[in-house]
Amino acid sequence: QLVRKSSHHQLLSTMTKFTGSLVGMGNPLLDISADVGQDILDKYDVKLDNAILAEDKHVPIYKELVDNYSPQYIAGGATQNSIRVAQWIMTANGKPGQTAYFGCVGNDSFGNQLEECAAADGVKVHYMKDESTPTGTCAVLVKDGERCLIANLAAANNFKPSHLETDESKAIYESASLYYIAGFFLTVSVDALKIIAEHSVANNKTFCLNLSAPFIIDFFADQVATALEYADFVFCNESEAEAYGKKHELGDDLKEIALKIAASPKKNEEKKRFVIFTQGSSSTIVAHDGKVEEYKVVPLPKEELVDTNGAGDAFVGGFLAGVMAEKSVGDSVELGHEAARFIIQQSGTTLTKPCEIKL
C-alpha cells in the first residue's frame, strides 16, 4: 500500500510539473470578513482604507468577529489574491496552469482551506508548512463598502529562504518569466525576495513589487529601498503614494512622485521602470521614462459595491494577466480596472463566478 501510494504521488508530481510564466511569493492569510459598525473601528483604534499588522490590543478582534458577527472565511493574502485573479483570467482565455505561489502556512484546517481555494482557482501552490504555528489570518472590517485589514501573520511570518532552495521550488521559479511580490512580504524575508529578484535580473525577466501599505513605507523603508532596485513594475494606491512622497520628501504631487520612483536606481538598466498608482474610482497614473499617462476608471454605481477588500490586488492580477498575454501597458491597466470592478462586487477575493474578461 505504502509503495503504491508513494509511486502514485511521484506520478502526480511529475504530471503537475510547472511550466507557467507567473510566480508570486507572499503571506497566505485566511480573511475573516464581517460588516461592522463604527463602534468596532473605534474600539480597536483602526481606520477604513488602511492595512496594519495586529498588535496585542487587536488580538481579541478575531474571536469577537467569530463569536458575534458570523463572518465569511475567504482565501486572502495580497499576493496570493493577485495570482489567483491573474490565473482566473488566464484560464477563462484558454491558458490554464500559468501561475504558482510560495508562502508559509500552518499544518491546519485554515492552511488546507487556502490550498484548496488556490488550487480550485488553478494556481499551483508550493507552501512551506510550519508544524508549530497556525496559519495566518486577516480580520477584514467592512463598513459602507470600505475595508480595514488587521493581519495576524502567524505562520506566514516564518517563511524561510531555504524553502526556495529545494528542487521543486527552483523548478517552479526558474520556469517563470514574471514575478510578483507585495511589500507586505518585506516584513517576513528580504533574503527570500532577493533570491527571486536576483534570478529575475540575472535572466532579464520581469520583477514586480507592490508598496502595499503606508506602514511598510514608513517603518520598513530600508527593505523597500532594497526591493525597489529590482522592480520593473511598481504598484501602489494613492494613500501609499502620498506616504512615500512624505517619507522621502518628494512633495505631494502624485505624478511627480511617480516619476521620481520611476527614475530611482535600478539593477536591470535595460528596462525602464513603470510606476502605477491606482486611486480607487479616480484615474490610474502610469509613469515611465520621464512621461506620465492617466487612465480613467469607469465608476461603479454605489449600490453595486459590496466591499473594496481585494480591489488593489485584483487590479494587479488583471494587469499581470495582460503582461502574460503580451498586451501594452495601457491595455494591461484596462484589464486591471476590469478585474477590480469585478472584485468590488464580491465579498473579498471570491472567484466563484465565471470570468468574462477577454484578453
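Arg-84 and Asp-121 form a salt bridge, with their closest N and O atoms 2.6 Å apart. This pair links distant parts of the chain, 37 residues apart. The model is predicted. The count of salt bridges comes to 10, and the structure holds 12 aromatic pairs.

- Arg-84 sits in helix H4 (residues 78-92).
- Asp-121 sits in the loop between helix H5 (109-120) and strand S6 (124-130).
- Arg-84 has a relative accessible area of 1%. Buried means under 20%, so Arg-84 is buried.
- Asp-121 is buried too, with a relative accessible area of 14%.

## Salt bridge Lys-129 to Glu-115

- Lys-129 forms a salt bridge with Glu-115, and the closest N and O atoms are 3.5 Å apart.
- Lys-129 lies in strand S6 and Glu-115 in helix H5, so this bridge ties together parts that are 14 residues apart in sequence.
- Lys-129 counts as partly exposed, at 38% relative accessibility.
- Glu-115 is partly exposed as well, with a relative accessible area of 27%.

## Salt bridge Glu-294 to Lys-255

- The side chains of Glu-294 and Lys-255 meet in a salt bridge, at 2.7 Å from N to O.
- Glu-294 is partly exposed, with a relative accessible area of 40%.
- Lys-255 is also partly exposed, with a value of 33%.

## Aromatic pairs

- The structure holds 12 aromatic pairs. Tyr-73 and Phe-110 form one that is tilted, with 5.9 Å centre to centre and 45 degrees between the planes.
- That pair links distant parts of the chain: Tyr-73 is in strand S4 (residues 72-76) and Phe-110 in helix H5, 37 residues apart.
- Tyr-73 is partly exposed, with a relative accessible area of 35%. Phe-110 counts as partly exposed at 25%.
- Phe-159 and Phe-185 form an edge-to-face pair, with 5.6 Å centre to centre and 70 degrees between the planes.
- Phe-159 lies in the loop between strand S8 (146-152) and helix H6 (167-175), and Phe-185 in the loop between strand S9 (178-182) and helix H7 (190-202), so the pair ties together parts that are 26 residues apart in sequence.
- Phe-159 counts as buried at 2% relative accessibility. Phe-185 counts as buried at 1%.
- Ring pairs also link a cluster, made up of Tyr-180, Phe-233, Phe-235, Phe-274, Phe-315 and Phe-319.

- Asp-252 is placed in the loop between helix H10 (238-247) and helix H11 (254-262).
- Asp-252 has a relative accessible area of 70%. Exposed means over 50%, so Asp-252 is exposed.

- Glu-249 is in the loop between H10 and H11. At 74% relative accessibility, Glu-249 counts as exposed.
- Ala-154 lies in the loop between S8 and H6.

- Glu-198 is placed in helix H7.
- Glu-198 is partly exposed, with a relative accessible area of 38%.
- Glu-198 and Ser-33 are 165 residues apart in sequence. In space, the two are 36 Å apart, C-alpha to C-alpha.

Notes: Residues numbered from 1 in each chain as written. Predicted model: local features only at pLDDT ≥ 70, side-chain atom pairs only at ≥ 80, totals over all residues. Heavy atoms only, no water. Helix = DSSP H or I, 4+ residues; strand = E, 2+ residues; numbered from the N terminus. Buried < 20%, exposed > 50% of the residue type's maximum accessible area, 1.4 Å probe, protein only. Salt bridge = Lys/Arg side-chain N within 4 Å of Asp/Glu carboxyl O. Phe/Tyr/Trp six-rings, centres within 6.5 Å; stacked < 30°, edge-to-face > 60°.
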